[in-house]
Amino acid sequence: MKRAFITGITGQDGSYLAELLLSKGYQVHGLVRRASTLNRSRIDHLHQNPDLHLHYGDLTDGVSLVNLIHAIEPHEVYNLGAQSHVKVSFEMPEYTASTDAVGTLRLLEAIRASGLDCRFYQASTSEMFGATPPPQAEDTAFYPRSPYGAAKLYSHWVTVNYREAYDLFAVSGILFNHESPRRGESFVTRKITLGVASIKLGITDTLTLGNLDAVRDWGYAPEYVEGMWRMLQHDEPGDYVLATGIGTTVREFCEAAFAHAGLDWQDHVRLDAKYERPTEVDALIGDATKAREVIGWEATTDAKGLAQIMVDADLEQLGRLVENKRGERQIP
Ligand code: NAP
Ligand code: G4F
């Protein structure tokens, strides 16, 4: 039985990846952070699975990583854990660097010191391209525009270096934005689809956003975790862009999400500069030709389809909450 170790298992991608690996017969080990309340809603439905094992640790705590690699002896490690919010990285640059940059080094060192024959996946990002105009592919120049992008660029290069220096099977997946109903509520797509559902259900009337002109290449997260797994199954380690190849503005995503619920976004969206960043990444549109040709991966959901999936999910989830509240009120 193959053993996989996932950092960031409680996040959007980690939860989909855990599902995928369990369905393929892996024993899955996940790193979870201790918090005052349990923060495992995305993996609650996997809780009873006997092949899922959760371990306390943190990417800022090297000892925990050394001990876990030693105890689990994984065949595959997926490093998805990160402070992943670009705007927050301007407010917490040092913590972001410790987790997103040095955290990767700590994990790679734990693997190297163990001497295990273990494959390593690094969650790199299109944010590394930053100010370099699209289309962006594996050989496009990097120019990060945030402490998050700069930290991830360190991790990308240290992953390449450990591959070259120590012959580690280490791959870097340069993933463009990917979303789902499990996306964190403060990322723009989920903020919009939750806003649409709240407005449709009469809970609120406005949605406040920042820069509507930014262009992103938005895909569907479950498809992207399949790409991560494929990268580790290939004969040779390498770096791969995963993207749809289609650019959409925040404004267009808004329009599609509101329209799906029968609403006009212009009646509800307000702007506030507090959601803008000190330096913005204007346009990200990926070229995933290498992934298609080498590992047979291709995105199949576009931004409009994604907006529909997410609005439907938020309408259902929020609708259920509203119904439950009404039910509670009827109880004497
Ligand atoms: P996410 O939903 O924000 O999940 C991040 C995960 O990292 C959570 O499980 C979080 O744990 C964990 N984490 C945060 N700080 C940690 C620390 N110090 N030690 C250990 N774990 C820590 O992110 P995602 O969207 O799933 O993205 C997964 C990875 O891909 C991230 O590395 C992200 O930067 C990268 N990425 C994402 C995208 C995208 O569009 N989604 C694109 C390119 C790259 P808690 O639940 O306890 O907070
Ligand atoms: O949804 P976002 O916060 O995602 P961003 O900054 O592109 O980062 C995400 O994708 C990266 C891959 O390229 C990942 F590496 C990273 O971890 C994360 O998952 O913002 C998207 C765009 C930005 O241009 C932002 O300025 O939307 C714009 N935006 C406009 N109003 C907003 C808002 N973003 C947020 N979060 N909130 C707003 O109100």
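Guide: By class, the shell around ligand 1 in this predicted model holds nine nonpolar, twelve polar and five charged residues.

Visitor: Which residues of that shell come nearest to ligand 1?

Guide: There are 26 residues around ligand 1, and Thr-10, Asp-58, Ser-84, Tyr-148 and Lys-152 come nearest. A residue belongs here because one of its heavy atoms lies within 4 Å of the molecule.

Visitor: What makes the approach of Tyr-148 to ligand 1 a polar contact?

Guide: A polar side-chain atom of Tyr-148 lies 2.6 Å from an oxygen atom of ligand 1. The cut-off is a pair of N or O atoms within 3.5 Å, so the Tyr-148 pair at 2.6 Å qualifies. The pair formed by a polar side-chain atom of Arg-33 and an oxygen atom of ligand 1, at 2.8 Å, also qualifies, because it lies within 3.5 Å. For Thr-99, a polar side-chain atom lies 3.4 Å from a nitrogen atom of ligand 1, and this value too is within 3.5 Å, so the pair counts.

Visitor: How much of ligand 1 does the protein bury?

Guide: Ligand 1 taken alone exposes 900 Å², and the protein buries 90% of that.

Visitor: Which elements give two or more residues to the shell around ligand 1?

Guide: They are α1 (12-23), α4 (93-114), β5 (119-125) and α5 (147-166). The largest share, three residues, comes from β5.

Visitor: Let us turn to ligand 2. Which residues come nearest to ligand 2?

Guide: Of the 23 residues around ligand 2, the nearest are Thr-125, Ser-126, Tyr-148, Arg-277 and Glu-280. By class, the shell around ligand 2 has nine nonpolar, eight polar and six charged residues.

Visitor: What makes the pairs of Ser-126 and Asn-177 with ligand 2 polar contacts?

Guide: A polar side-chain atom of Ser-126 lies 2.6 Å from an oxygen atom of ligand 2, and a polar side-chain atom of Asn-177 lies 2.8 Å from an oxygen atom of ligand 2. Both values are within 3.5 Å, so both pairs count. For Ser-186, a backbone N or O atom lies 2.9 Å from a nitrogen atom of ligand 2. On its own, ligand 2 has 710 Å² of accessible area, of which the protein covers 95%.

Visitor: Why is ligand 2 said to lie between domain 1 and domain 2?

Guide: Domain 1 (3-180 + 219-242) and domain 2 (188-215 + 247-285 + 303-330) both give residues to the shell around ligand 2, so ligand 2 lies between them.

Visitor: What does UniProt list for residues 5-310?

Guide: An unreviewed UniProt entry lists residues 5-310 as "domain: NAD(P)-binding". Over residues 5-310 the chain is 40% helix and 16% strand, and the end C-alpha atoms are 29 Å apart.

Visitor: Why is Ser-180 called buried?

Guide: Ser-180 has a relative accessibility of 0%. Ser-180 lies in the loop between β7 (178-179) and α6 (188-200). The side chain of Ser-180 makes a polar contact with the side chain of Gln-12 at 3.0 Å, and the side chain of Ser-180 also reaches the backbone nitrogen of Arg-182 at 2.9 Å.

Visitor: How do you know whether Leu-242 is buried or exposed?

Guide: The relative accessibility of Leu-242 is 0%, which is under 20%, so Leu-242 counts as buried. Leu-242 is placed in strand β11 (residues 239-242). Leu-242 and Gly-219 are 23 residues apart along the chain, and their C-alpha atoms are separated by 9.0 Å.

Visitor: What makes Glu-73 partly exposed?

Guide: Glu-73 has a relative accessible area of 42%. Exposed requires over 50% and buried under 20%, so Glu-73 falls in between. Glu-73 sits in the loop between α2 (62-72) and β4 (76-79). Although Glu-73 is not a glycine, it has a positive phi of about 50 degrees.

Visitor: Why is Asp-167 called exposed?

Guide: The relative accessible area of Asp-167 is 71%, and this is over 50%, so the label exposed applies. Asp-167 is found in the loop between α5 and β6 (170-175). Its phi is positive as well, near 60 degrees, in a residue other than glycine.

Visitor: Which value goes with the label cis for the peptide bond from Pro-134 to Pro-135?

Guide: The bond from Pro-134 to Pro-135 is cis, with omega near 0 degrees. Pro-135 is placed in the loop between β5 and α5.

Terms used. Residues are numbered from 1 along each chain as its sequence is written. Chains are lettered from A and ligands numbered from 1 in the order in which they are written. This is a predicted model: local features need pLDDT of at least 70, side-chain atom pairs count only at pLDDT 80 or more; totals for chains, interfaces and linings use all residues. Side-chain values use heavy atoms; hydrogens and water are left out. A polar contact is a pair of N or O atoms within 3.5 Å; within protein, one must be able to donate a hydrogen and the other to accept it, and residues adjacent in sequence count only if both atoms are side-chain atoms. Accessible areas come from the Shrake-Rupley method with a 1.4 Å probe; for residues, only the protein chains shown count as cover. Helices (H or I, at least four residues) and strands (E, at least two) are DSSP runs, numbered from the N terminus. Ala, Val, Leu, Ile, Met, Phe, Trp, Tyr, Cys and Pro count as nonpolar, Asp, Glu, Lys and Arg as charged, and the others, Gly among them, as polar. Domain bounds come from an automatic or database domain assignment. UniProt positions are given in the numbering used here, feature names are shortened, and annotations may be inferred rather than shown by experiment. Buried means under 20% relative accessible area, exposed over 50%, partly exposed in between (1.4 Å probe, protein chains only).
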